Amino acid sequence: MLALAVLVGASGCGVAGARTHSDAAKGREKAASPSVRSPAQQPVWMDSVQMVSASTGWALIFTSNPSNSSVLAVARTADGGRTWALVTPAAPRGSFVQGTTVLDAASAQRAWVVGVTPGHKSVIFGTVDAGRSWWRSEAVAAAQPVAVDFASRSRGWLLESMGAAMGSNPVRVYRTADGGLRWSLAAMSQASGEAAANGSGLPVECGKVGISFSSPQAGWIATRCNLGYSILVSRDGGAHWASKQLPIPRSACEQGGCEISEPQFAGNTTFLEMSDYPDAAFLFVSRDAGASWRTIVMPSGAGPYPRVQFFGPAEGIAVSAGPQGSIGRDFYLTSDGGLTWTPVRQGRHFGLSGPSFDFASPAIGFAWVAGADSAGSVPSMYRTSDSGRTWTAFVPHLS
């Protein structure tokens, strides 16, 4: 599922390749999950959550107060987020740290997690059995993972940052054809002291915030720009990239730049959301894999930074959000692919608490605040089964 974080959506979700235990064992390093029994009712602090259904989901969590530790664990829930089982793959100490760990949950059984080893190399772990066992990839040279995404049973992509400053962000794109065991460099930006890789077309300008592939050939990199906007598209599996122009009003993105979310795919339909602070937000809808687009202006009440999530070609929800993560009192539902939106008054006013959201359907959703609250205690999670008209609070804990 697409988690709706404080600023933009998190990593996209692909349909990833299943691999048997015997496949992973043939001459390859395999990392087994430690068997851990945790004290009952031990609370946990949430970092990121990806629900794949109303009951089942994956998360990066803190098992102790994050005010004192940045070490993360991988966890899985089967009861709607109330209890979590630790399923962290065995890895060198310090591999999973807040800000450098990336999770991609594809289904109730399949997930990937990217960590950074003490040797400053990225390593990708994969599971096909709900975290009971994991296999481990070879090390990848770069050590600032941004996102990982799989588009088929075997093909996946890893976006790595080479550093960001002053509106520039050179990146590398790696790809795998064997479900995540081996990775090769597909493309990289030109940076100081490094030559461009075969004219890949990856620019240095604009922050790169996510990578998504709708097929083994068609991929997208979402960006944030200080002025203007950029959405990068590849048609050859990530080897070459080009900026894609979208049908926006002439004056858009000129005052404060635009932020583009990761695309969402539903069959042949592609959705892109663009935030144009302080004016408006746009939804772009394509029914032909991005060849042509329809531009929809989002409701003004959704704010300049709506967090849009679709569950098919027609049904979607928009969490209204403004600057500094402020959350509006009305969320918006659509049943016609974004052409029209119906406001839903929220039963809880999240305000400036900066929560993240993840919906499993237009009705069932979850909210949480990452890390600890101002007093260092465990923030509540919240669940709704009526699109936010009512929310139930609970404290998540280990099973």
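Predicted model: local features only at pLDDT ≥ 70, side-chain atom pairs only at ≥ 80, totals over all residues.
Residues are numbered from 1 along each chain as its sequence is written, and side-chain values use heavy atoms, with hydrogens and water left out.

**The chain overall**

- You'll find one helix and 31 strands here; helices (H or I, at least four residues) and strands (E, at least two) are DSSP runs, numbered from the N terminus.
- The chain has 399 residues, and 56% of them are buried; buried means under 20% relative accessible area, exposed over 50%, and partly exposed in between (1.4 Å probe, protein chains only).
- Take the contacts (heavy atoms within 4.5 Å) between residues at least 6 apart in sequence: 50% of them join residues at least 24 apart.

**A five-strand sheet**

- Five strands make an open sheet in the order β2-β3-β4-β5-β31, with mixed pairing; two strands pair if DSSP finds at least two bridges between them.
- At the edges are β2 (45-51) and β31 (397-398), each pairing on one side only.
- Strands β4 (residues 73-77) and β5 (residues 83-86) pair in the antiparallel sense over two bridges, and Ala75 stands opposite Leu86 in β5.

**Nonpolar cores**

- A nonpolar core is a set of buried Ala, Val, Leu, Ile, Met, Phe, Trp, Tyr and Cys residues joined through side-chain atoms within 4.5 Å.
- The largest one has 16 residues, of which Trp58, Leu60, Val74, Val113, Phe125 and Trp134 touch the most other members.
- Two or more residues come from each of β3 (57-62), β6 (102-105), β7 (111-116) and β8 (122-127), and β3 gives the most, with three.
- Leaving aside neighbours within four places in sequence, Leu60 is in contact with residues including Met46, Leu72, Val74, Leu103 and Val113.
- A second, separate core of 15 residues includes Val44, Ala75, Phe366 and Met381.

**Thr117 in its loop**

- Look for Thr117 in the loop between β7 and β8; Thr117 is buried, with a relative accessible area of 13%.
- Not counting residues up to four places away in sequence, Thr117 touches Ser95, Val123 and Arg136.

**Aromatic rings and charges**

- The whole structure holds 17 aromatic pairs; rings of Phe, Tyr and Trp (its six-membered ring) pair if their centres lie within 6.5 Å, and planes under 30 degrees apart count as stacked, over 60 as edge-to-face and the rest as tilted.
- The rings of Trp58 and Trp134 have centres 6.3 Å apart and planes at 80°, so this pair is edge-to-face.
- That pair links distant parts of the chain, with Trp58 in strand β3 and Trp134 in strand β9 (residues 133-136), 76 residues apart.
- Trp58 is buried at a relative accessible area of 0%, and Trp134 is buried with 0% too.
- Phe331, Phe350, Phe357, Phe359, Tyr382 and Trp391 form one aromatic cluster.
- The charged end of Arg76 sits over the ring of Trp58, 5.7 Å from its centre; the test is NZ of Lys or CZ of Arg within 6 Å of the ring centre and within 35 degrees of the ring normal.
- Arg82 lies over the face of Phe394, at 4.5 Å from the ring centre.
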